[in-house]
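Subject: Structure handover

Hello,

Here is the structure we talked about. Please have it open while you read on.

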Amino acid sequence: MMFAEMLADVLGGGLQALERTQESDNDEWISYCRFILGQSPAVLTLVEAHPGWWSHLSALR
């Protein structure tokens with residue numbers, strides 16, 4: 001679960017950074033985040049249990 005939390009932090013941080021960078025193309029990162037949420041039950045469980053902690057990821061569910 002610790003690794004899942006760290007991965008959620010990285011994914012969420014990346015989404016926040018892309019939000020602040022208007023000229024960046026974030027489709028690939030968003031697709032990757034959705035892939036991880038779909039393939040990692042541990043990350044999905046954490047995001048669902050704590051949507052406020054990873055609000056950017058929670059919005060992708």
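Start with helix H3, which spans residues 41–49. Its buried residues are Val43, Leu46 and Val47. Buried means under 20% relative accessible area, exposed means over 50%, and partly exposed is in between (1.4 Å probe, protein chains only). Helices are DSSP runs of H or I with at least four residues, strands are runs of E with at least two, and both are numbered from the N terminus. What covers the buried residues of H3? The cover includes helix H1 (2–20), H2 and helix H4 (55–58).

A word on the source. This is a predicted model, in which local features need pLDDT of at least 70 and side-chain atom pairs count only at pLDDT 80 or more, while totals for chains, interfaces and linings use all residues. Residues are numbered from 1 along each chain as its sequence is written, and side-chain values use heavy atoms, with hydrogens and water left out.

Now confidence. pLDDT is the predictor's confidence in each residue, from 0 to 100. The protein has a mean pLDDT of 93, and 97% of its residues reach 70 or more. Confidence is lowest in H1, at a mean of 94, and highest in H3, at 97. Where pLDDT is low, predicted coordinates should not be read in detail.

Next, the core. A nonpolar core is a set of buried Ala, Val, Leu, Ile, Met, Phe, Trp, Tyr and Cys residues joined through side-chain atoms within 4.5 Å. The largest one has 15 residues. Which of them touch the most other members? Val43, Leu57 and Leu60 do. H1, H2 and H3 are the elements that give two or more residues to this core. H1 gives the largest share, 5 residues.

Contact means heavy atoms within 4.5 Å. Neighbours within four places in sequence aside, Val43 is in contact with Ala4, Leu7, Ala8, Ile36 and Leu37.

Ala8 is in helix H1. Its relative accessibility is 0%, so Ala8 counts as buried. With neighbours within four places in sequence left aside, Ala8 is in contact with Val43, Trp54 and Leu57. Ala8 and Leu46 are 38 residues apart in sequence, yet their C-alpha atoms are 8.2 Å apart in space.

Leu18 is in helix H1 and is buried, at a relative accessible area of 17%. Leu18 and Ile30 are 12 residues apart along the chain, with 9.5 Å between their C-alpha atoms.

Then there is Ser58, in helix H4. Ser58 is buried, with a relative accessible area of 14%. Apart from neighbours within four places in sequence, Ser58 is in contact with Val47 and Pro51.

On to the aromatic rings. How many aromatic pairs does the structure hold? There are 2. Rings of Phe, Tyr and Trp (its six-membered ring) pair if their centres lie within 6.5 Å; planes under 30 degrees apart count as stacked, over 60 as edge-to-face, and the rest as tilted.

- Trp29 and Tyr32 form a tilted pair, 5.6 Å centre to centre, with 40° between the planes. They are 3 residues apart in helix H2 (residues 27–39), so about one helical turn separates them. Trp29 is partly exposed at 27% relative accessibility, and Tyr32 is partly exposed at 37%.
- Trp53 and Trp54 form an edge-to-face pair, 5.7 Å centre to centre, with 70° between the planes. Trp53 is exposed at 58% relative accessibility, whereas Trp54 is buried at 6%.

Last, the charges. A salt bridge is a side-chain nitrogen of Lys or Arg within 4 Å of a carboxyl oxygen of Asp or Glu. The structure holds 1. Glu48 pairs with Arg61, and the closest N and O atoms are 3.6 Å apart. Glu48 is partly exposed at 43% relative accessibility. Arg61 is exposed at 52%.

Best wishes
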